[in-house]
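Please read it alongside the sequence and the coordinates.

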Amino acid sequence: MPVARFPEVLADLRTKILDGTHPPGEPLPHTEDLMRAYGVSRQVITNTMRALKEEGLIWRVANKGMIVLGPAVAIQIPMAIDFRDEPTAWAAACQRAGITGHLTTVNSRATPATEEVSHILRLPAKAKVIIGEIRGDIEGQLVCLDQLYWSMERHDASSYDVERSTALVELQTRVRTASPKEALTFRVSRGSPLFDLTRITYNQAGQPLQLLRRLANPQRVHIVDQRLPLTSP
């Protein structure tokens, strides 16, 4: 008997995605095929696709249709950690979750600090900072975007190595709504929540060393610490 109502169509397709009937990476049947299979209108199928997309189970790909993403798997990420250890920690968190993922620096450049960054890092106005842009992915899907700032003048690898074991991390976290551009970047629905994190790393004397700004999909990335000594994975 055909399924006639939106909740039932949604529940049936969700079940078929989760049980592997429609496997990850494969497209769902075309709208017309689903309309015939369920005996419903185009609007019911459109609403169903929107709901599945909001749940993170499918994503539209040009010329391919609605591609199954499968159930989202979240990883547990420590934030009180030296930035040089983070790629290893990210990979280890993915391994524990039974998936693959990477944290990769895609761009690094020197630029005058903005007024806000200068204030946070206690730098003179327009002091030069290095900005590192970092992308975190899980099984090829972007789930995290970072901007890491540190002073060119203070950046001394040998002295930083001494401080890395005694530094403290202050983490400020808020959840906000993704902008249309961010929703497209993270492949989530408009209005979906995003973690908006600010991490400031201090030395033992209280001098700020680094500023990290991170946007992350809270369905895929969970934060496990607040203000703690730096640790290694």
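Is arginine 36 buried or exposed? Arginine 36 has a relative accessible area of 59% and is exposed, where buried means under 20% relative accessible area, exposed over 50% and partly exposed in between (1.4 Å probe, protein chains only).

This is a predicted model, in which local features need pLDDT of at least 70 and side-chain atom pairs count only at pLDDT 80 or more, while totals for chains, interfaces and linings use all residues. Residues are numbered from 1 along each chain as its sequence is written, and side-chain values use heavy atoms, with hydrogens and water left out.

The protein has seven helices and 10 strands, taken as DSSP runs (helices H or I, at least four residues; strands E, at least two) numbered from the N terminus. Of its 233 residues, 43% count as buried.

**Salt bridges**

The whole structure holds 13 salt bridges, each defined by a side-chain nitrogen of Lys or Arg within 4 Å of a carboxyl oxygen of Asp or Glu. Some of them are listed here.

| Pair | N to O distance |
|---|---|
| aspartate 12 and lysine 16 | 3.2 Å |
| arginine 36 and aspartate 33 | 2.4 Å |
| glutamate 86 and arginine 199 | 2.9 Å |

Arginine 36 and aspartate 33 are separated by about one helical turn because they lie three residues apart in helix 2, and aspartate 33, at 33% relative accessibility, is partly exposed. Glutamate 86 and arginine 199, in contrast, are both buried. Glu86 and Arg199 also belong to a network of salt bridges that links them with Asp146 and Arg214.

**Nonpolar cores**

A nonpolar core is a set of buried Ala, Val, Leu, Ile, Met, Phe, Trp, Tyr and Cys residues joined through side-chain atoms within 4.5 Å. In the largest one, which has 22 residues, Ile75, Trp90 and Ile138 touch the most other members. Strand 6 (141-151) is one of the elements that give two or more residues to this core, and its four residues are the largest share. Another core, of 17 residues, lies apart from it and includes Val40, Val44, Met49 and Leu52.

**Helix 3**

Helix 3 spans residues 42-54, and Val44, Ile45, Thr48, Met49, Ala51 and Leu52 are buried in it. Seen down the helix axis, the buried residues fall within an arc of 165°, so they line one face of helix 3; the arc is that of the directions from the helix axis to the C-beta atoms. Their cover includes helix 1 (6-18), helix 2 (31-38), strand 1 (58-61) and strand 2 (65-68), contact meaning heavy atoms within 4.5 Å.

Terms used. Expected span 1.5 Å × (residues − 1).
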